[in-house]
Amino acid sequence: MKMIVTEVQGEDLESFLGKKILLMCGNYFYTGILSGINASCVLLKDASIVYETGEWRGKSYKDAQKLPSDWYVQISMIESFGVGL
């Protein structure tokens, strides 16, 4: 069997620590500054829930509402993530 095995450093949630991130989760999307990670959850500061993204190339989300405090999101619910607006 032929296999290509490559390990790339800095290609995970930890690479976003201290940066704005968008988390696409099972039920909702969340955005904020990724401030903490443990085995079960991540911590977002200046967190918002994104009800409607609008155009992906836009400068802001169409409907993002601030959450009342820092917010924890279960890692098991994250389907994908990337740079936030």
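Analyst: The account below takes the aromatic pairs in turn and then turns to two further residues.

The model is a predicted one, and it contains three aromatic pairs. A pair of aromatic rings is described by the distance of the centres and the angle of the planes.

In the pair formed by Phe16 and Phe81, the ring centres are 5.7 Å apart and the planes stand at 90°. Planes over 60 degrees apart count as edge-to-face, so this pair is edge-to-face. The two residues come from distant parts of the chain. Phe16 belongs to the segment before strand E1 (20-25), while Phe81 is part of strand E6 (residues 78-83), and 65 residues separate them. Their accessibility can be set out residue by residue. Phe16 has a relative accessible area of 14%; because buried means under 20%, Phe16 is classed as buried. Phe81, with a relative accessibility of 36%, counts as partly exposed.

Tyr28 and Tyr51 make up another aromatic pair, also described as edge-to-face, with 6.3 Å from centre to centre and 90° between the planes. Tyr28 is located in the loop between E1 and strand E2 (29-37), and Tyr51 is located in strand E3 (residues 41-52), so the pair ties together parts 23 residues apart in sequence. Tyr28 is partly exposed at a relative accessible area of 41%, and Tyr51 is likewise partly exposed, at 48%.

The phi angle of Asp46 is near 55°, a positive value in a residue other than glycine. Asp46 has a relative accessible area of 41% and is therefore partly exposed.

The loop between E3 and strand E4 (63-66) holds Thr53. At 13% relative accessibility, Thr53 counts as buried. When its neighbours within four places in sequence are set aside, Thr53 is in contact with Phe29, Ser60, Tyr61 and Lys62.

Note on methods: Residues numbered from 1 in each chain as written. Predicted model: local features only at pLDDT ≥ 70, side-chain atom pairs only at ≥ 80, totals over all residues. Heavy atoms only, no water. Phe/Tyr/Trp six-rings, centres within 6.5 Å; stacked < 30°, edge-to-face > 60°. Helix = DSSP H or I, 4+ residues; strand = E, 2+ residues; numbered from the N terminus. Buried < 20%, exposed > 50% of the residue type's maximum accessible area, 1.4 Å probe, protein only. Contact = heavy atoms within 4.5 Å.
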